[in-house]
Amino acid sequence: MIVCFILLFWYSIKEFDTYQIPIASEHGVITDRLFWITMAITGIVFIITQILLFYFSYKYQHSPRRSALYFPDNYKLEFIWTIVPAVVLTILVVYGLTVWNKVMAPAPEDAEVVEILGYQFAWKVRYPGKDETLGAYDFRKIDAVNDFGLDFTDKATFDDFSPRELHLPKGQPVEFRIRARDVLHSVFAPHFRLKMDAVPGMPTRFWFVPTKTTAEMREETGNPEFNYEIACTEVCGRGHFSMRLLVIVEEPEAYEQWKAEQEPWLSKNPEYLSSVPENLKELAMIKSQIEHTAIN
Amino acid sequence: MASTVVDEHVDHTLDDHTHDHHEHHENFITKYIFSTDHKTIAKQYLITGIFWALIGGFLSLIFRLQLGFPETQLEWLRPLLGKWITTAGKLDPEFYLALVTMHGTIMVFFVLTAGLSGTFSNFLIPLQIGARDMASGFMNMLSYWFFFASSVIMFFSLFIETGPASGGWVIYPPLSALPQAMSGSGLGMTLWLIAMALFIVSTLLGGINYITTIINLRTLGMSFLKLPLTIWSFFFTAIIGLLSFPVLLGAALLLIFDRSFGTSFYLSDIYIAGEALPHMGGSPILFQHLFWFLGHPEVYIVIMPAFGITSEIISTNSRKPIFGYKAMIISLLGITVLSFVVWAHHMFVSGMNPFLGSIFMLLTLIIAIPSAVKVFNYLTTLWKGNIIFTPAMLFSIGLVSFFISGG
């Protein structure tokens with residue numbers, strides 16, 4: 001058994017870096033600090049109580065020459081070990097609350113907004129385009145092509161674009177608007193210390209600041225293949241394991257350039273112009289950069 | 001009155017034993033099958049619980065084969081699992097989820113709730129408080145047979161064509177509500193819900209019995225503050241079960257309505273399998289709240305009987321009275337009360353209001369205090385004891401160590 005324990009500890013220490021993945025977001029630093037402080041406090045109590053448990057068991061083994069001490073109560077002692085954990089926990093609670101409130105606070109107004117839509121079994125992302133407003137949607141408008149259920153009576157949809165990969169700017173606040181189309185999914189991006197469920201009928205959100213570009217992370221991990229990714233952490237059916245979305249964090253300039261190159265969803269699917277009300281058609285064609293020739 | 005009963009009993013024992021048998025008009029069926037005797041019912045629970053532990057353990061072996069050795073060929077399991085082995089020789093992904101789901105359900109409810117409380121509460125409560133039997137032997141019998149019926153249905157669901165329930169043991173809708181979402185959400189889920197409804201009836205019948213017996217049938221001089229801690233823990237466990245299981249029953253009923261009668265308690269804005277569903281206005285989060293209102297107290301339903309038993313074993317084998325008997329009762333009471341107000345710590349990132357998150361974080365950390373007090377009291381009971389290491393004692397010390405690590 002002792003050999004087993006030694007092997008276990010050796011393995012844990014050797015593999016420690018694989019448990020402890022590098023942080024790539026601003027709030028990740030404070031949540032990790034909370035985690036390690038809690039770990040240290042409970043770790044100390046853990047070690048002391050385990051040692052006492054096995055030491056007492058060893059030391060007070062049965063002996064016919066000795067009789068057990070009659071010691072049924074000691075209010076002072078009991079009072080102390082009720083109050084001490086209470087005080088320590090109060091500190092942890094207050095600390096935890098400040099961290100929680102910081103992480104869960106509303107996003108700053110200048111945050112880049114990205115919509116993430118979970119469905120069986122993949123993620124789709126949508127950017128608001130040049131007008132910086134995500135267009136309206138309605139789940140009854142979803143069809144085989146219109147994954148988001150974009151509602152083209154809203155002019156904010158005309159320049160929305162939906163790339164294959166999620167691009168984020170380094171050092172700027174980003175807000176994920178998260179929704180699901182069929183069953184529960186959960187957006188999990190471990191490097192950003194980010195997790196939030198995607199709930200059908202109830203959009204959720206989570207904001208954070210990415211702090212390392214993909215290139216910097218490749219250098220830090222020494223892995224030229226490294227990519228940030230989002231996985232699903234709510235059992236959602238047969239293909240649950242395969243819900244993966246690549247995330248690319250880049251310098252703000254590169255990000256802006258990438259954004260400028262993206263084609264609006266509507267210009268990739270010009271047949272949906274027929275869903276646009278007559279009086280908005282002209283505007284739709286301008287915003288989505290569709291040329292007249294394309295529809296004629 | 002009591003003295004005549006005792007006298008009769010003495011007479012019987014003096015008589016030939018076969019006589020005794022005749023006078024109670026017991027035959028094989030009333031004695032061993034539809035028995036109202038608490039000891040027999042306890043053994044029935046024990047045997048059924050062991051059966052389920054074997055099944056649950058076996059399911060976990062299969063999915064851990066896949067988890068631990070993802071590249072391994074599992075073709076050799078085909079005679080047993082048939083179409084659930086894919087052509088590539090791996091476990092079918094939906095079957096994998098079904099295994100995890102059924103393993104969780106079986107272990108949490110059928111083994112650790114029915115198997116543990118059913119066995120030990122039934123066996124020990126009358127013996128340790130000096131009662132002749134449970135308050136209602138008939139209800140006690142019904143409790144076991146509802147559990148048995150539930151077991152039959154749950155076991156049967158393992159073998160149906162579309163597979164058993166596969167949405168995780170928490171069966172979150174919409175996944176569990178929509179047969180289009182996965183094949184296990186069809187008949188398998190229906191059977192799961194029926195089995196769990198019967199299971200809850202069984203738990204309630206048992207719980208009412210345990211509580212009534214402990215309050216009313218204590219023998220002369222057995223005041224509440226003389227009750228063994230084992231009985232205190234069974235008492236609180238039964239109270240938790242009685243107050244929280246009906247909420248799960250409510251949640252399950254609403255889910256049945258959503259699945260079969262077109263209501264929208266948990267469903268809204270859903271587009272699946274090429275069509276937009278008519279359900280509007282429901283909330284999947286509602287189900288999560290209802291589920292965890294049982295789901296969290298459930299972990300205390302599972303651990304508290306073990307706490308109680310451990311208290312007695314450590315005390316006996318250290319040759320000392322348990323340290324801080326009253327503090328132990330207050331801790332159990334504290335855990336019982338707090339167990340009802342911490343449920344949403346399972347839902348921090350479910351999308352619920354972050355303000356709720358802060359309240360539940362506070363309450364969750366408070367529940368660590370009674371747990372800490374219990375551990376310190378166990379340690380002090382060992383201190384300067386005269387410890388005899390029976391197997392029961394070794395297990396109990398193991399439990400304390402385990403509880404410090406994982407509790």
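The legends below describe views of a predicted model with chains A and B.

Residues are numbered from 1 along each chain as its sequence is written, and chains are lettered from A in the order in which they are written. Local features need pLDDT of at least 70, side-chain atom pairs count only at pLDDT 80 or more, and totals for chains, interfaces and linings use all residues; side-chain values use heavy atoms, with hydrogens and water left out.

**View 1. Chain A as a whole.**
Chain A contains 9 helices and 9 strands; helices (H or I, at least four residues) and strands (E, at least two) are DSSP runs numbered from the N terminus. Its radius of gyration is 27 Å, well over the 19 Å that the globule rule gives for 296 residues, so chain A is more spread out than a compact globule. The radius is taken over C-alpha atoms, and the rule is 2.2 Å times the number of residues to the power 0.38. Along the principal axes, the C-alpha atoms of chain A fill a box of roughly 105 × 40 × 35 Å. Of the 296 residues in chain A, 45% are buried. Buried means under 20% relative accessible area, exposed means over 50%, and partly exposed lies in between (1.4 Å probe, protein chains only). For contacts in chain A between residues at least 6 apart in sequence, 68% join residues at least 24 apart; a contact means heavy atoms within 4.5 Å.

**View 2. Surface and charges of chain A.**
The accessible surface of chain A is about 16100 Å², and carbon and sulfur atoms account for 62% of it. Areas come from the Shrake-Rupley method with a 1.4 Å probe; for residues, only the protein chains shown count as cover. Chain A has 29 positive and 39 negative charges, whose mean positions are 9 Å apart. Lys and Arg count as positive and Asp and Glu as negative, while His and the chain ends are not counted. Each charge is placed at NZ of Lys, CZ of Arg, CG of Asp or CD of Glu.

**View 3. The salt bridge between A:Asp160 and A:Arg126.**
A salt bridge is a side-chain nitrogen of Lys or Arg within 4 Å of a carboxyl oxygen of Asp or Glu. By this rule there are 19 salt bridges over all chains. In one of them, A:Asp160 pairs with A:Arg126, and the closest N and O atoms are 2.6 Å apart. The two residues belong to distant parts of the chain, 34 residues apart: A:Asp160 is in the loop between β2 (122-126) and β3 (166-169) of chain A, and A:Arg126 is in strand β2. Both A:Asp160 and A:Arg126 are buried. The pair is part of a network of salt bridges that links A:Glu115, A:Arg126, A:Asp160 and A:Arg179.

**View 4. The salt bridge between A:Asp147 and A:Arg181.**
The side chains of A:Asp147 and A:Arg181 form a salt bridge, at 3.5 Å from N to O. A:Asp147 lies in the loop between β2 and β3 of chain A and A:Arg181 in the loop between β4 (174-180) and β5 (185-189), so the pair ties together parts that are 34 residues apart in sequence. Each of A:Asp147 and A:Arg181 is buried.

**View 5. The salt bridge between A:Glu229 and A:Arg244.**
Here the N to O distance between the side chains of A:Glu229 and A:Arg244 is 2.5 Å. A:Glu229 is partly exposed, with a relative accessible area of 29%, whereas A:Arg244 counts as exposed at 52%.

**View 6. Chain B as a whole.**
Chain B has 14 helices and 2 strands. The C-alpha atoms of chain B fill a box of roughly 75 × 55 × 45 Å along the principal axes. Buried residues make up 54% of the 407 residues of chain B. Chain B exposes about 17100 Å², with 73% supplied by carbon and sulfur atoms.

B:Ser233 sits in helix α9 (residues 229-260) of chain B and is buried, with a relative accessible area of 0%. Beyond its neighbours within four places in sequence, B:Ser233 contacts B:Met304, B:Pro305, B:Gly308 and B:Leu332. B:Ser331 belongs to helix α11 (residues 325-338) of chain B and is buried, at 4% relative accessible area. With neighbours within four places in sequence again left aside, B:Ser331 is in contact with B:Pro370, B:Val373 and B:Lys374.
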